[in-house]
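Have a look at it first, then read on for the guided tour.

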Amino acid sequence: MPLRPETDLLLAVDVQPDFMPGGALPVPEGDAVVPVINRLLGRFAHAVATQDWHPAAHASFASQHPGQRPFASVTLAYGAQTLWPDHCVQGTPGAELHPALDARRFELVLRKGFRAAIDSYSGFRENDRQTPTGLHAYLRERGFRRLFVAGLARGYCTDYTAEDAAELGYEVVLVEDACRGITPEATAAGTQRLRERGVRFLRSEALLAG
Ligand code: VGL
Ligand code: ZN
């Protein structure tokens with residue numbers, strides 16, 4: 001697939017140790033995305049990353065809700081919120097970009113989820129579906145039109161990011177083998193939502209080939 005160097009962007013979502021096997025919120029095979037994204041970085045002229053970046057007492061942590069367990073759902077001010085194990089706490093090693101990721105190429109690392117009371121799956125809009133992260137303004141001013149989404153985790157941050165991007169008018173391609181999901185069910189539900197929004201699915205070979 002031919003790329004358009006100045007208007008195509010590789011967007012690497014939440015490639016952080018806490019989402020890798022052995023991490024605080026492990027995604028099965030999460031580490032498998034790192035070499036794929038590194039190869040893709042060789043093909044794109046421009047790349048941006050998002051970084052999940054929570055204060056220690058974040059409202060999405062089950063530890064902040066006495067009697068609740070991770071993966072339960074609670075109602076916060078903005079509606080339903082899934083609870084997670086404590087993860088990607090600001091300044092901890094698990095919150096860094098993965099050390100094997102070739103992060104030199106990222107022109108912007110956009111942190112999200114830093115408001116204690118609001119989670120942010122999407123790189124564009126927090127979970128209240130109102131608070132912008134600023135990413136759209138940045139990408140628009142830079143002139144990017146087509147976003148290739150990779151990273152973690154399907155069903156959540158990659159999918160909400162891709163979905164919002166499509167709604168904001170970007171052409172969106174999800175690089176399937178450069179992503180992994182938390183559960184097969186969440187990935188399947190995400191795939192359904194993305195197809196409805198016109199997001200294209202592609203394997204990395206199609207980009208690396210020629
Ligand atoms: C994520 C749950 C909580 C993700 C982040 O990156 O998909 N999921 N925080
Ligand atoms: Zn998070």
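Strand S7 (residues 171–181) is mostly tucked away, with eight of its eleven residues buried. Here, buried means that 20 or more other C-beta atoms, placed from the backbone, lie within 10 Å of a residue's own, while 12 or fewer makes it exposed and anything in between partly exposed. Strands (E, at least two residues) and helices (H or I, at least four) are DSSP runs, numbered from the N terminus. Keep in mind that this is a predicted model: local features need pLDDT of at least 70, side-chain atom pairs count only at pLDDT 80 or more, and totals for chains, interfaces and linings use all residues. Residues are numbered from 1 along each chain as its sequence is written, and chains are lettered from A and ligands numbered from 1 in the order in which they are written.

**Around S7**
- S7 pairs with strand S6 (residues 146–154) in the parallel sense over seven bridges; strands pair if DSSP finds at least two bridges between them.
- Valine 149 sits opposite leucine 174 in S7.
- Together, S6, H3 and S7 form a right-handed β-α-β unit; right-handed means that, with the strands pointing away from the viewer, the path from the first strand over the helix to the second runs clockwise.
- S7 also runs parallel to strand S8 (residues 200–202), joined by three bridges, and leucine 174 stands opposite phenylalanine 201 in S8.
- To get from S7 to S8, the chain passes through helix H4 (residues 184–196) in a right-handed β-α-β crossover.

**Alanine 165**
- You'll find alanine 165 in helix H3 (residues 157–167).
- Alanine 165 counts as buried because it has 28 C-beta neighbours inside 10 Å.
- Skipping neighbours within four places in sequence, alanine 165 is in contact with Phe124, Leu147, Tyr170 and Val172; contact means C-beta atoms, placed from the backbone, within 7 Å.

**Around S2**
- Six of the six residues of strand S2 (residues 47–52) are buried, so the rest of the structure largely encloses S2.
- Ala47, Ala49 and Gln51 point one way from S2, and Val48, Thr50 and Asp52 the other way.
- Strand S1 (residues 8–13) pairs with S2 in the parallel sense over four bridges, with leucine 10 opposite alanine 47.
- Between S1 and S2 the chain crosses through helix H1 (residues 33–41), and this β-α-β crossover is right-handed.
- S2 pairs in the parallel sense with strand S5 (residues 106–112) over six bridges, and aspartate 52 stands opposite lysine 112 in S5.

Definitions and conventions
Contact = placed C-beta atoms within 7 Å.
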